[in-house]
Amino acid sequence: MNIKNHNFIFKLTFSYVFIILISFGSAYLFHAILPGLFIALGLAFLSSLLLTRDMTLKLHKFVRISDSFSKGDFSHKIFLDSKDELGELASTLNSMAQNLEDKIHEIEIKNQHLVAILESMVEGIIVVDKTSRIVSINSSVEKIFNISKQNLEGKVFLEVIRNNDIAEIINKVLKKGEFTSCELTLMWPVQKIFQINASPIFEKEEVSGCLLVIHDITEIRKLETMRRDFVANVSHELKTPLTSIKGFVETLLEGALEDKENNRHFLKIIQEHGERLNKLVDDLLSLSHLESKEILLEKGIFNLRQQVEKVIMGFKEQLKKRNVDIKNEIPANISINADKDKIEGVFTNLIDNAIKFNREKGVIRIYSQQEGDKIKSIVEDSGVGIPDKDIPRIFERFYRVDKARSRELGGTGLGLSIVKHIVELHGGTVGVESVEGLGSKFWFTLPNL
């Protein structure tokens, strides 16, 4: 029974009683119909009570499930068989709940996509509100500033990243509401160079926050510096022999060609500088080829001791001239899987340096050690050694400890850089241990068979 029917019956009952009371005014008739009146009133009350109880249960159900909807639980639905107003309301609430559930699911998916994008970005992302309190950061910010994003939300920016330069950029954006971009060299909390882009976040045409995008350009600037240094070094290395060649050629053309006592000497100097230029160009091409990572290693299994003996044979005259003794202490049973020619080049560079920078009647030891799954080869000399300040840069291109002596001995400054690249291509590492005045140990590792 719906609400409209109940109201109709209730009104009809009371109308019927009222008409009877007016039509039959006598006491006899009143007493005669009194029982019927009470029965009708009782039925009407009982009907109203049942209907009220039914409506109360339905309303409680509405309230309980609506409360679930408000908490984000859309797993329950309101099921009513009636087609009255309550049935229509139940259908409307169910439809609204389904639409809300679909929208929330769609928002969650988009939010997951957004989080995945932000977390995969190499740029650091920081979002602050209008009071400079952190709303969100991504994992790149953690790596850049060496912080953890746990319990950071709600903290003032300067409490988390103590850098006034970035804080001033945030304040400027929050005040003016304009995009700002600049490059900053930071010394604290990290020593890096950043490109910072700061954009205002608007809400109802008012600035409600700031979005910071932090690009770490330290490596880019470092590479640019290395490129400039490389060009300068190459220019300097080329200029010295070219100037000498040009000067002696001009001298010969001006009449020294007829000077039988000196013309051959001049030509020999020109030849030496030409060979130096040729070696420099060869080393530059080798280094460029190695750094391109496009080189294919022609690996094969070979005996390490025999290969070192072959290299030593090529230095017999140089060893004799410098009066340096060399000992090959690599065990005869050690074999490695590597590019034979490239490893020969590694030993050639290391032995050449060990001879050039050794003392008179010095000693060179070549030996190996087993280190886990790798073979460590060491070239040890009793030479001049390397100062502590120079050791970290010894494998850089064109870096020389004693520039004058290195050029005098015919070095290009690229040999150790070539050694490093060859070893790293094989999956190994290089290093040096040295005490100034007592000699050096240059070592490299290669994967074992």
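Author: Happy to! Strands E11 (residues 430-435) and E12 (residues 439-447) run antiparallel and are joined by six bridges. This is a predicted model, and one of the pairings to look for is Val430, which stands opposite Phe444 in E12. Three residues lie between E11 and E12, making the two a hairpin. In the turn sits Gly437, whose phi is positive, at about 90°.

Antiparallel pairing also turns up in an open sheet of five strands, ordered E2-E1-E5-E4-E3. At its edges are E2 (134-137) and E3 (180-186), each of which pairs on one side only. On average, neighbouring strands of this sheet are turned by 20° against each other, direction ignored. Follow E1 (residues 124-129) and you will find three bridges to E2, again in the antiparallel sense. Within that pair, Val128 has Ile134 of E2 as its bridge partner.

Finally, a word on the cysteines. A disulfide is a covalent bond between the sulfur atoms of two cysteines. With a cut-off of 2.5 Å between cysteine sulfur atoms, the count comes to zero disulfides. Cys210 is buried, as its relative accessible area is 0%, while Cys182 counts as partly exposed because its relative accessibility is 22%.

Technical notes. Residues numbered from 1 in each chain as written. Predicted model: local features only at pLDDT ≥ 70, side-chain atom pairs only at ≥ 80, totals over all residues. Heavy atoms only, no water. Pairing = 2+ DSSP bridges. Helix = DSSP H or I, 4+ residues; strand = E, 2+ residues; numbered from the N terminus. Buried < 20%, exposed > 50% of the residue type's maximum accessible area, 1.4 Å probe, protein only. Axes fitted to C-alpha atoms, helices over the stretch in contact; angles between N-to-C directions.
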